[in-house]
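Here is a short briefing for a first look at this structure.

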Amino acid sequence: MSELVYPDRDFVLPGDATPLELAIADTEGRLDDIDMDEIRRVRSVADAPAVYLKHQAWERSVDVWDPLWPEDIKRAVIEAAPIVHSYKGTRYAVRIALAALKADTVITEWWEESPRGVPYTFAVKAYARARLYEGPVLDDRLIRVMFTSIMRAKPASRAFGFTVGATFPRSLGLAPVAAGKVASRRALHPSLDAKSGRTLGLAPIALGTVTPRVALHPTLDARSGRTLGLTSVALGRTRVRAPILLRSAP
């Protein structure tokens, strides 16, 4: 009887075993089929299969998450989550949160500026070192992710300024200014293509053929997550203006 009902299982049961006994034996047999090594690996951020990363993110209360990120970014964000929560409300938490997104961060408190800035404010300059999404390195999704990460990690009562840019591993090769690495701090204005809405290159130091010169300062709407235009906008007590800057790594 057992061979007819459960042909794929080997049971140590008598031939006249009841259906209930067969069902219990089959349940125990399915437990034997579980890969125990995979269960151990699921607990490790570095070794867990990619399909389980979203569950790890939920378990560790990751504040900002996007399933479109590359796998290494997801693992880094999960790994950093406990540290961010431990130091939330400090500049260290902001730095760790952005570092998980592969961004170099410079944070300046109001009392560190010369002359001193507005009391109880700070400025964040974040330079992306990796592409989080398909397309250009600096797009509105990257700006939204960085901005939200800062909002979740910063002191709740503190306003801040936000500048986002990109760090390149090699020299930019901008003509006619640079031969080799870019040493001068020159304002590089990304030009906007009116048809596609994307930045084409750098004007007036052009990469390719760029005609319009637009100083693009994308402003982030905290509700919709979209860039609003070319001016700053007040988000509660926080005013954010994100001019796109480029710098070359030494």
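Which residues of helix 6 (residues 91–99) are buried? They are A93, V94, I96, A97 and L98. Buried means under 20% relative accessible area, exposed over 50%, and partly exposed in between (1.4 Å probe, protein chains only). This is a predicted model: local features need pLDDT of at least 70, side-chain atom pairs count only at pLDDT 80 or more, and totals for chains, interfaces and linings use all residues. Residues are numbered from 1 along each chain as its sequence is written, and side-chain values use heavy atoms, with hydrogens and water left out.

**Helix packing**
- Helices (H or I, at least four residues) and strands (E, at least two) are DSSP runs, numbered from the N terminus.
- The axes of helix 5 and helix 6 come within 9 Å and cross at roughly 170 degrees; axes are lines fitted to C-alpha atoms over the stretch in contact, with angles from 0 to 180 degrees between N-to-C directions.
- A80, I83 and V84 of helix 5 meet Y92, A93, I96 and A97 of helix 6, where contact means heavy atoms within 4.5 Å.

**Charged residues**
- The whole structure holds ten salt bridges, each a side-chain nitrogen of Lys or Arg within 4 Å of a carboxyl oxygen of Asp or Glu.
- E71 forms one with R75, with the closest N and O atoms 2.6 Å apart.
- Both lie in helix 5, four residues apart.
- R158 and E109 also pair, at 2.5 Å from N to O, and both are buried.
- K74 is buried yet has no salt bridge.

Technical notes:
Lys, Arg positive; Asp, Glu negative; His and termini not counted.
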